[in-house]
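Here are my notes on the model you sent over. Have it open while you read, and start with the strands.

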Amino acid sequence: MATVASILGQAPPARRQLHAFIDEAGVRSRSKASSDHFVMTAVVVDDQDLPASAQFLAQLRADLGRGPNDQLHWVALKKHEQRVHAAKSLGGRSWATISNVIACKRHLTTRITDGQFYLYTLRYLLERLSWFARPRARSAA
């Protein structure tokens with residue numbers, strides 16, 4: 001299709017891009033004082049939905065009593081009700097795809113370092129994101 005469009009002097013159709021906003025929760029260390037779980041999450045938004053996501057974030061900041069430039073971070077949401085509101089609001093957006101990798105650290109061997117553990121978690125998340133993006137890349141070609 002792109003070749004035919006080029007021959008006819010037309011630009012090939014633009015590929016839509018996906019944006020993955022990634023964050024983590026918990027600590028990587030496996031000390032007795034650390035939590036049992038480490039979580040890495042991505043919220044995936046299509047290019048065409050970036051304006052809707054910006055509008056959503058502005059409204060969520062207002063709902064939570066935050067300033068327009070304040071970062072929204074889970075650790076800053078101290079009240080349970082705020083966390084529930086943020087999670088339900090984001091989970092209800094049709095334009096957002098959420099992917100999580102959750103590792104239960106007490107089941108891991110001690111042979112991998114905390115740095116290796118972090119990279120493995122990131123690898124699994126990126127693998128899942130590639131699975132999500134693959135069908136879109138095929139349909140755009």
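This is a predicted model: local features need pLDDT of at least 70, side-chain atom pairs count only at pLDDT 80 or more; totals for chains, interfaces and linings use all residues.

1. On overall layout, the chain has four helices and three strands.

2. How much of the chain is buried? Of its 141 residues, 21% count as buried. As for the surface, the chain exposes about 10100 Å², and carbon and sulfur atoms supply 56% of that.

3. Now the contacts. Take those between residues at least 6 apart in sequence: 65% of them join residues at least 24 apart.

4. Strand β2, residues 37-46, deserves a look of its own. Why call it largely enclosed by the rest of the structure? Because seven of its 10 residues are buried, where buried means under 20% relative accessible area.

5. One partner of β2 is strand β1, residues 18-25; the two run antiparallel and are joined by eight bridges. If you want a spot to check on screen, find A25, which stands opposite V39 in β2.

6. Strand β3, residues 96-104, also pairs with β2, again antiparallel, and here nine bridges do the joining.

7. Putting the strand points together: β2 is bridged to β1 and to β3, and seven of the 10 β2 residues are buried.

Methods:
Residues are numbered from 1 along each chain as its sequence is written. Side-chain values use heavy atoms; hydrogens and water are left out. Buried means under 20% relative accessible area, exposed over 50%, partly exposed in between (1.4 Å probe, protein chains only). Two strands pair if DSSP finds at least two bridges between them. Contact means heavy atoms within 4.5 Å. Accessible areas come from the Shrake-Rupley method with a 1.4 Å probe; for residues, only the protein chains shown count as cover.
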